[in-house]
Amino acid sequence: MSKQKWFQDLTTQLHSNNVKIDEALNLHTMTRMGGVADLFVTPETEDQAAFVVQYANKNDIPLLLLGNGSNMVVRDGGVRGIVLRLENLNEITINDNRVIAGSGADIIDVSRAVAKESLTGLEFACGIPGSIGGAMAMNAGAYGGEIQDVIVQCTVLTPSGEKLVLSKDALELGYRKSIITKKGYYVLSAEFELQPGNQEEIDAKIADLTFQRESKQPLEYPSAGSVFKRPPGYFAGKLIQDSGLQGKGFGGAEVSTKHAGFIVNKNNATATDYISTIEMVKKAVKENFDVELELEVKIVGENKQ
């Protein structure tokens, strides 16, 4: 089957504006890198999302879910098959101390929305550059808080397109992992339970965490965020810093001089530059400290021919 055939079939259920052929993925990733997707699909509803997943499964078409592109490196050759982005499933509903957020909502927006309602528990997420879907899949966390502290349940699609509602226990949340990644589920929405809080204290905490993030992280350049998971007993950034790697890299990519745990696209870097810099860092930290750094970012797609 050709890309044109996929397009024709999908646009029986989706508007043609929501199905694009050969879409440049550097427009949709935080690193501003990556080749093209054969098909780039942005459903408007959960039913349309299920249709896309079912169609890909039935026709053995590779399907890649892209959140807001903050935790992903797309290789320069792009992605074959369908790239699914659920950015339009972004509704945020607050009832008393419960909030339901669509997969495509930015977790920063959810954190701010509940803060305005004097609800506490999601302040830690006020600076996490990811979608609810990505945050659920990775059990995102920062500044001592994690998704698993506040989650009630999550609605997902299985790889065959079946809708499931998973309880907190069923999500098997751990450090940067969940059953979502293990089983290849697609998040549709998540429900959180928060607590009534003091508005001044909530605002002060968000202001403090925002200041910490902006002062310590290299937000002035495109990046995939924190590249490596925290090794047991160490901090990845400190190991990289102590290896003397800040300011070093390949092509337009370099280890940030502001925070060694970040690799930034400083000057029109290619994905190959970025991945080469990752490998350089892993090798140096292994040689210097005998520590194997594990990736927090996901590398997808094909190398450029």
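Colleague: Which residues does Glu-296 touch, not counting residues up to four places away in sequence?

Modeller: In this predicted model, Glu-296 touches Asn-71, Met-138, Tyr-175, Arg-176, Ser-226, Val-227, Phe-228 and Lys-229. Contact here means heavy atoms within 4.5 Å.

Colleague: Why is Glu-296 called buried?

Modeller: The relative accessible area of Glu-296 is 16%. Buried means under 20%, so Glu-296 counts as buried. Glu-296 sits in the loop between H8 and strand E18 (298-300).

Colleague: What makes Arg-176 buried?

Modeller: Arg-176 has a relative accessible area of 13%. The limit is under 20%, so Arg-176 is buried. Its place is in the loop between strand E12 (163-167) and helix H5 (179-183). Among the residues that Arg-176 touches are Met-138, Asn-139, Lys-229 and Glu-296.

Colleague: What makes the pair Asn-139 and Arg-176 close enough for a polar contact?

Modeller: The backbone oxygen of Asn-139 lies 3.1 Å from a polar atom of the Arg-176 side chain. A polar contact needs N or O atoms within 3.5 Å, so the distance meets that cut-off.

Colleague: Which residues carry the feature "active site" in UniProt?

Modeller: The unreviewed UniProt entry places that feature at Arg-176, Ser-226 and Glu-296. They span 121 residues in sequence, yet no two of their C-alpha atoms are more than 11.9 Å apart, so they gather at one spot.

Colleague: Why do E15 and strand E17 (residues 262-265) count as paired?

Modeller: Two bridges join E15 to E17. Pairing takes at least two bridges, so these strands pair. They run antiparallel.

Colleague: Why are E15 and E16 called edge strands?

Modeller: The open sheet has three strands in the order E15-E17-E16, with antiparallel pairing. Strand E15 (223-226) and strand E16 (253-255) each pair on one side only. Neighbouring strands of this sheet are turned by 20° against each other on average, direction ignored. Helix H8 (residues 271-289) lies across E15, E16 and E17, at about 25° to E16.

Colleague: How do you know that E2 pairs with strand E5 (residues 79-84)?

Modeller: Four bridges join E2 and E5 in the parallel sense. The requirement is at least two, so the strands pair. Within E5, Ile-82 stands opposite Leu-39. E2 also has five bridges to strand E1 (residues 19-24), and those two run antiparallel.

Colleague: What makes strand E2 (residues 36-41) mostly covered?

Modeller: Five of the six residues of E2 are buried.

Technical notes
Residues numbered from 1 in each chain as written. Predicted model: local features only at pLDDT ≥ 70, side-chain atom pairs only at ≥ 80, totals over all residues. Heavy atoms only, no water. Axes fitted to C-alpha atoms, helices over the stretch in contact; angles between N-to-C directions. UniProt positions renumbered as here; feature names shortened; annotations may be inferred. Buried < 20%, exposed > 50% of the residue type's maximum accessible area, 1.4 Å probe, protein only. Polar contact = N/O pair within 3.5 Å; in protein donor to acceptor, adjacent residues only side chain to side chain.
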